[in-house]
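Open the model in your viewer and keep the selection tool at hand.

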Amino acid sequence: MESHAMQLTTQHFIALLPLLITSATVVLVMLAIAWKRHHTLTFGLSVLGLNLALLSLLPALEVTPIQVTPLLLVDKFACYYMALVLAATLACVTLTHAYLGGESGKGYPGNREELYLLMLLSAAGGLVLVSAQHLAGLFIGLELLSVPTYGMIAYAFFNKRSLEAGIKYMVLSAAGSAFLLFGMALLYAESGSLTFAGIGAQLAADGLPSMLAQLGVGMMLIGLAFKLSLVPFHLWTPDVYEGAPAPVAAFLATASKVAVFAVLLRLYQMSPAMAGGWLNDLLTLIAIASIIFGNLLALLQNNLKRLLGYSSIAHFGYLLVALIASKGLAVEAVGVYLATYVLTSLGAFGVITLMSTPYSGRDADALFEYRGLFWRRPYLTAVLTVMMLSLAGIPLTAGFIGKFYVVAAGVQSQQWWLLGALVIGSAIGVFYYLRVMVTLFMAEANMHRHDAPFNWAQRAGGIMLLVVAVLAFALGVYPQPLLELVQQAGLVAVLP
Amino acid sequence: MILPWLILIPFIGGLLCWQFERFGNVLPRWIALLTMGLLFALGLWLWATGDFSLAPAPGNGPGAAPQWAAEFQVPWIERFGISVHLALDGLSVLMISLTGLLGVLSVLCSWNEIQNRVGFFHLNLMWILGGVVGVFLAVDLFLFFFFWEMMLVPMFFLIALWGHSGSDGKTRITAATKFFIFTQASGLIMLLAILGLVFVHFNQTGVLTFNYADLLQTKMSAGTEYILMLGFFIAFAVKFPVVPFHSWLPDAHAQAPTAGSVDLAGILLKTAAYGLLRFALPLFPNASAEFAPIAQWLGVFAIIYGALLSFAQTDIKRLVAYSSVSHMGFVLIAIYSASEIALQGAVVQMLAHGLSAAALFILCGQLYERLHTRDMREMGGIWARMPWLPALSLFFAAAALGLPGTGNFVGEFLILLGSFQSAPWVTIVAATGLVFGSVYALIMIHRAFFGPAKADTALPGLQVRELSMVLGLAVLLILLGVYPQPVLDTSAASMQGVQQWLGNALNQPVLAR
């Protein structure tokens, strides 16, 4: 391993292509902005780069699994999550273009182009993160993912809430990173290795993990739980979701969380030390608390973005059920659930984005602004209805398949407490998803402050949204293709 | 090949209704009527041509697949061994015919009642019925659960968007949400039980499948079987509704539009009884046998409790709703009696209650369209103010209390006769329910139609459409009461199978279980 670790062959470059193309796009977009500010040009370059990166996954798949430097392992698992991150970013970029407004007239008053730059940079971080097999890779990826999001959240900085949310996220995220680093240091001190597999092997050889190692793993979990906004580290979520511009909130809810969860899953699977003793109980407790509190707090919200924020806390609680189950269907269940969750969140935030398009000071996120939307915008409403049903996990939608998988993984490893919490949580969850749905169909109020522009379906964002809705429905009816894809994207055995 | 069409027709018809709304309000109604007519006709055609001596039964021999009158199977989600597996036997064909008939009636009874968003209303109505047909046909447990949960959404919309506000200030949205949460949460418990069963089977055989025929062969320890059975029972008990889980029903009924009430009482409650007969008893016969006394006493409690609460209502729709609780209690007793006569009675009772409850809700709806109240304290003396409707109400009230000559009598008589042997005390106490039944049925007639009139003005009479619906139901109910033999013949094989499952388990010595 040591001998050829530093030699990069063509194969290694092919495996890295998605990351290289994304990074090249970042540089290109930066240069293009420096040369001439042009909103649509920047958007076009970003979309092109992301699509190329997505396409380059095909040749990358041919050479997997392959270790590229000790830091990264590009296997089918990594490729699957790269595809998820890239597709989510692509959707968010499309939404951003609609949101910031056209060339002239109404829209975002400041510089528009840098938002794409930040988003691409963050996506590159996500790509590193999902293929990390080394603590250093994990940290680099996580910071590259997080730091640009500070700027993205505070992008509408003349809006007090946006600025406040950005600062809040920066402080808490930095605190989370500090925990993570401390935990890594403790683990390194104990095991003398930084690779996931090495740590796992070393700790397994020692027999019962020592107190120091357990503390290290615990602190790493806290750091990751901050990013995933699991209870009790969730306090930033609703404020940040509310303050961030809608497409940025969509990015936070999808690409960013998917990447972090993927690395958590890999860590958990490759280092059995993570799954021992009281840490498992702690994780179980975190999962139950996230499911119950996330759902209960969502009940009280009258703001759609805050509601989705709390609901995402609950959804990552459900995902933890599969993570804790850890054997049998677990890895697949996480893959399917994340895919359906990404799809659903993109749809929900997409509707909010289009409702707030073009940018006009604050987003249309109060629930009353959606009253009677069905009678004005039937298609937009249909999209949001499908998304709410999917979040609630009702059949005929993708969310049902995801929830089914998680429940199956839980039953298979007999996690009855977690499943009990899941049933209670879902019952509570149904209440607020239904409330949103009924609001959409209620008699029209005399309020027209916010409305999607009439030609919304013609815009790229609208088309993307319809595709998302159709996909959410199609996967709910015929999920077999997705399941096959995920089945192949399982974690491979650890390389020697 | 006809089985998937039974499900697809309502779904496609619903979409057409929704899309053709742009050409006016009349077209969706006709499309819906045609769709339901087609479904009803197909159901009757299947009934007339099928060979219903074929039905699943334990006697088919170990390892032998259950026999069906018709079957359809295509792979769906291969990862889990899930297929779109539909099958038809005597029980399901009766239920599907009832669904088709009540579908036609629910379109007809909303002809004048629903005036806004007509297309979308019929979309929801058709999709409920499509889901119900799916429940009656599915023999893949995943598919069954899929339809079971799926029909909740359109029902929710039906109550939430076209419902009436309650007389005691409860909004229709609260009622709809309550309905949804009760059934959704209990459904998830059933999903846990289904998955538990599947993984028990997987650990034994190494085959991951949701197929009914394969899962029937699963061997379980007594404790596991009991817990899994309870998971199924809770889901069905909520929909049934068995008394501690019934509180969603009166609210949902009172607030639902007429068509919603007709579907809810007429067919949705029957999906629960069907689920017990098709899945809970055959899959877990030993645990069911052990649980049978508890279930039967729950049934007795439901009969008496439903009847007493029914008597106390002032809202006429809530009265009929509680009477459904009481009537379904008889069905619950019969299902767990392990007697073929009682099981046959349960089938007749389900059909008869479907017809009579639908008729009563339709009459309540017609009354509401004229009086704009459902409060019986504001009625009184209607007998003098309009023809036909009071007399027909009296007929269906009498049917509900089990008057000989109506289907309800046949059902209740067979149930009591069959159950007496195995559970005499249950039967004796349950029979008092007939007395309470006559009390609440007659008090409804007395409060609403007799007594001093609240106003002298004559009320508009029944139109031909309204009259023919109710008269048709009355004729069918009498037919069922006088000559129930065709129904009994159709369901005989299915009920024999259920009886054998439970009977075999009951006859085993306790130690052997």
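Among contacts in chain B between residues at least 6 apart in sequence, what percentage join residues at least 24 apart? The figure is 81%, where two residues are in contact if their C-beta atoms, placed from the backbone, lie within 7 Å.

This is a predicted model, in which local features need pLDDT of at least 70 and side-chain atom pairs count only at pLDDT 80 or more, while totals for chains, interfaces and linings use all residues. Residues are numbered from 1 along each chain as its sequence is written, and chains are lettered from A and ligands numbered from 1 in the order in which they are written.

Select chain B. Its C-alpha trace spans about 75 × 55 × 40 Å along the principal axes. Colour by secondary structure to find 20 helices and 2 strands; these are DSSP runs numbered from the N terminus, helices being H or I of at least four residues and strands E of at least two. Of the 513 residues in chain B, 63% are buried (20 or more other C-beta atoms within 10 Å of the residue's own, placed from the backbone).

Next, show the contact between the chains: 23 residues come from chain B and 21 residues from chain A. On chain B, α5 (141–150), α6 (152–162) and α7 (172–205) each supply at least two residues of the side that touches chain A. α7(B) gives the most, with 13 residues.

Finally, select residues 114–130 of chain A, which form helix α5 with 17 residues. In α5(A), 16 of the 17 residues are buried.

Key
Expected span 1.5 Å × (residues − 1). Buried ≥ 20, exposed ≤ 12 C-beta atoms within 10 Å, placed from the backbone.
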